Amino acid sequence: MRAAWLVIGTMTAVGCGGGGEQAASGGGESATQATLAPLGTGTISGMVMFTGTAPANPAIDMREEPHCAAMYGGQPTDPVVVVKDGHLANVFVRVTGGLPAGPYPRPAAAPKVDQVGCLYHPRVLGVMTGQALTIANSDSLLHNIKAVPTTNRGFNVSQPRAGMTREHVFNQAEIMVPLECNVHGWMKAYVGVVDHPYFAVSSESGTFSIGGLPPGTYQLEAWHERFGTKTGEVTIGADGKGTVSFTYAATS
Amino acid sequence: MNRGSALRGTRFGRLAWRRGGVMLLVLAGSAMLPTPERLAAQDLTRGKAVYDRWCAGCHGETGAGDGEAMTYMLPRPRDFTRAVYQVRTTATGGLPTDADLMRVVDEGMPGTTMPGWRTRLSEPERRDVVAYIKSFSRFFEGETPTPLEFGKAPRVTAEGLAEGERWYRELECFKCHGDAGRGDGSSAPTLTDDWDQPIRAADLTRAWNFNGGASVEQVYRRLQTGLDGTPMPSFSDAVEGEILTAEQLWRVAQWVHSLSPERPAVREVIRAPRLEGAIPAGPGDSAWAAIPPAWVPLVGQIVIKPRWFAPRVDGLWVRAAHDGQTLAVLIAWSDPSRSPDAAWQEWIERVAGALTDADGPVPTTQGPDRLHVQFPLRPPEGLERPYFLGGDPRRPTYQWQWTSVPDAVQEGRGTGLGAFTAVPTTAVRHAAEFGDGEWRVQFTRSLLTADTAAAPAFPVGEAVPMAFYAADGSDGEDERRGAVSAWYAIYLDVPTPPRVYVAPVLAVLVTAGLGGLVVVRAQRRARST
């Protein structure tokens, strides 16, 4: 297996365009990557707006799972489109151009997706290649977690008890890796796998922030599971600040 | 050098060593000379030739599972470009070993349209095609997958089976596979594979359809590895996380194995024993338990358009009995839905989307479940029987056509598939029960009828041809898209005639009498001399 990791790791390194030997560590813990200093102190502050009337989210029939259904006041719905005051949540934004050469430090936050009330929390998240994603089950019932990537290898594991966790490492950048549960066909999550740490997910108020960057001009791409991708550009000035916004419309 | 020393131990080796040791070394050396790349290139050229000829029609020229026949099949042919394989000895997400791939090529995928190739292709051809299949995905480059260690099954015990059943429920296997294992769990109608195509939860009472094999060991491997590309997950985390022990997971495999008989032998004649008591009153009558069922395999109707290559019903369990006056036939089969069933609406829509073949659109509204039983309308002359698909105008069939909605049986005359004219005889009665993913339908009819031109008599002591048709309305099936059997026969046992019991007694008495006569005469003769 070690040989396998090395091969995948090497491919990752090539895929990064010489992104550095850090990425080549694959699944193994890399001390250098974890302790690398940030490339800069600048921050991209962003906002995702939404115009028009958001489509209604589909109702979920949770009658077979009273344990989960009980967690919702009324009829549970699948939060495909989360819009609040004209702001769109769950948009995955990442830097696609303008980055200085790596190696890049690993994000400070350890990514984790939890299964609560027969939904994934969060629904959209990012991980860096080689970084361990934790998948946890807080429901006291059976979930299976199936990752259905195309560039990475997938998996399909069961978590029949609350408290179970699994760590998984994706070695290739991929936008996005879907997670799904087949016991509960409505359950969907999306993991953005990026070969650097400059990504974020818009909050319920539509905001996101990508830090640790030096001044410069960066290309960005935003992704939403229903409304697709949009590109943008932002410049971080000498003051270390850059702002950008994306606007999705109900008709798009 | 090693090769040489190993050979030296044998007689042939000693000889070879003495006479041509040097030459042998040269040969051995040259056999190792070609680089792996060169060997692989040869394999790939030959493998491609085999693949293009035998595999591409379904799996597509580029291995993307998109061959011409794709939209006739469910599950669809494997897409090799993603290197996601169901039947492996490696962990979930892992690549299959060459032996894993070879096994599927050799044995095929039971329950799907993938046949086994062991008898059709030579061993080198199969090996080459495996090499070629791997070349469709970059994931195999430089990889040597390592199989998992599976250990050994504990001895089967009654307690062990009970524990297996307990864990089947604890692990919520029933969510997909159903309480009785017939693939009718609450999540079953929602299941899709990695290519968003509908996929059926395995019917655990039909182990001969298990993709990865029917043995306890094979079932255990599927529990450990999962069936990648399908909703079936690996339970290895549950063992590693000490939710249950490996032995308990073996118990689940043993219990699952116990749900299915061995692949039943197919006999052409269905025997209807003559009962002394009353014939069974309905499908739930305990009297049926004493009568062994006959297995009648069904296959997709692929003769008349619209053809159907993905039938839901793969066979029927048929029991029959009579009492000299009345014939009762009990037919049971797995069907996860009592059609129409709202829970299966999204399923039928997915099936219609997957099987968009040239034979016409698959219905997206659910019809009833169907079971048709047919006999020749007129006693066959010699071996001639009506056309097996519902009969033909020259040799019509006498049919019982049962539907789930309305729950009714129609009697009538068939002259072909879908060509059926109901007749207002009321000779046949029926009772249908549905539960745990199984239909049990009993037909009852008097042996003799008033109008033999419309409903022929069932003679005792003669084999009467009998054939079947079944359809699952929630699976897009109807009067033509469904599963058919070949002709079988039903034989109503003759009542044991009284002479069978009387004749031996008479023979004994006569023999004894004659013997006595001989003795008496001999004594008389002795006295008189």
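**View 1. Strand S13 of chain A is mostly covered.** This close-up comes from a predicted model. Strand S13 spans residues 188–194 of chain A. Of its 7 residues, 6 are buried. In a regular strand the side chains alternate between the two faces of the sheet.

**View 2. S13(A) pairs with strand S7 of chain A in parallel.** S7 covers residues 124–128. The two strands are joined by 5 bridges. One pair to look for is A:Val127, which stands opposite A:Val193 of S13(A).

**View 3. S13(A) pairs with strand S12 of chain A in antiparallel fashion.** S12 takes in residues 174–180. Here, too, 5 bridges make the link. Find A:Glu180 in this view: its bridge partner in S13(A) is A:Lys188.

View 4. After H5(B) comes B:Gly108. The phi of B:Gly108 is positive, near 80°.

**View 5. Confidence in chain A is below 50 over residues 1–31.** For chain A, the mean pLDDT is 88. A pLDDT of 70 or more is reached by 86% of its residues. Over residues 1–31, by contrast, the pLDDT is below 50. In the model, this stretch still has 52 contacts beyond near neighbours in sequence.

Notes: Residues numbered from 1 in each chain as written. Chains lettered and ligands numbered in written order. pLDDT = per-residue confidence, 0-100. Contact = placed C-beta atoms within 7 Å. Buried ≥ 20, exposed ≤ 12 C-beta atoms within 10 Å, placed from the backbone. Helix = DSSP H or I, 4+ residues; strand = E, 2+ residues; numbered from the N terminus. Pairing = 2+ DSSP bridges.
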